[in-house]
Amino acid sequence: LNKGAPKYSCLSKCGSNTTLYGLFENKQSILDKKEIIIFEGEKSVMKCDGWGINTAVAALTSHLNDAQIHALIKLGVSVVIAFHKGINPASDSNIRKLKHFVSVSAIIDNKGLLEDKDAPVDKGREVFNALYQSKIRPN
């Protein structure tokens with residue numbers, strides 16, 4: 001029943017996304033662990049919550065905007081970018097800015113564990129754990 005609608009559709013006006021999905025619910029866990037994992041979509045956050053990983057949020061797109069960067073700097077925790085396979089976080093100018101304020105690493109599938117455009121959680125917990133353990137600092 002997709003009928004041509006985008007895979008992820010936000011109900012707010014285009015260009016007005018100023019939040020990170022799941023931040024309100026997971027903020028205390030994020031502060032306790034001093035780390036936040038940022039996915040593209042809500043589904044990934046829900047999967048993580050089901051696995052007991054309560055430090056995940058979603059940007060609702062494949063880049064970060066100024067308001068999201070400001071919120072992350074304010075949190076003052078390490079940031080793990082976990083965008084879909086094929087997305088290069090180092091090409092996002094806001095992620096490059098963020099690196100000046102907090103520690104930033106990224107989950108990159110260099111081992112071929114994911115299919116093209118898969119989220120890091122799409123192949124299950126074991127694959128996610130392996131990808132998370134091998135996260136790198138983007139250039």
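Which residues account for 67% of the contacts in the protein chain with a separation of 6 or more?

1. Residues 24 or more positions apart account for that 67%; contact here means heavy atoms within 4.5 Å. The model is predicted: local features need pLDDT of at least 70 and side-chain atom pairs count only at pLDDT 80 or more, whereas totals for chains, interfaces and linings use all residues. Residues are numbered from 1 along each chain as its sequence is written, and side-chain values use heavy atoms, with hydrogens and water left out.

2. The protein chain contains five helices and four strands, in the order α-β-α-β-α-β-α-β-α from the N terminus. Helices (H or I, at least four residues) and strands (E, at least two) are DSSP runs, numbered from the N terminus.

3. Of the 139 residues in the protein chain, 40% are buried. Buried denotes under 20% relative accessible area, exposed over 50%, and partly exposed in between (1.4 Å probe, protein chains only). The chain exposes about 8,000 Å², of which carbon and sulfur atoms supply 52%; accessible areas come from the Shrake-Rupley method with a 1.4 Å probe.

4. In helix 1 (residues 23–33), the buried residues are Leu23, Asn26 and Ile30. They lie on the same side of helix 1 because they cover an arc of only 85 degrees around the axis, taken from the directions from the helix axis to the C-beta atoms. Glu25, Gln28 and Asp32 are exposed on the other side.

5. The cover over the buried residues of helix 1 includes strand 1 (35–39), helix 2 (42–50), strand 2 (56–58) and helix 3 (66–75). After helix 1 comes Lys34, with a positive phi near 60 degrees.
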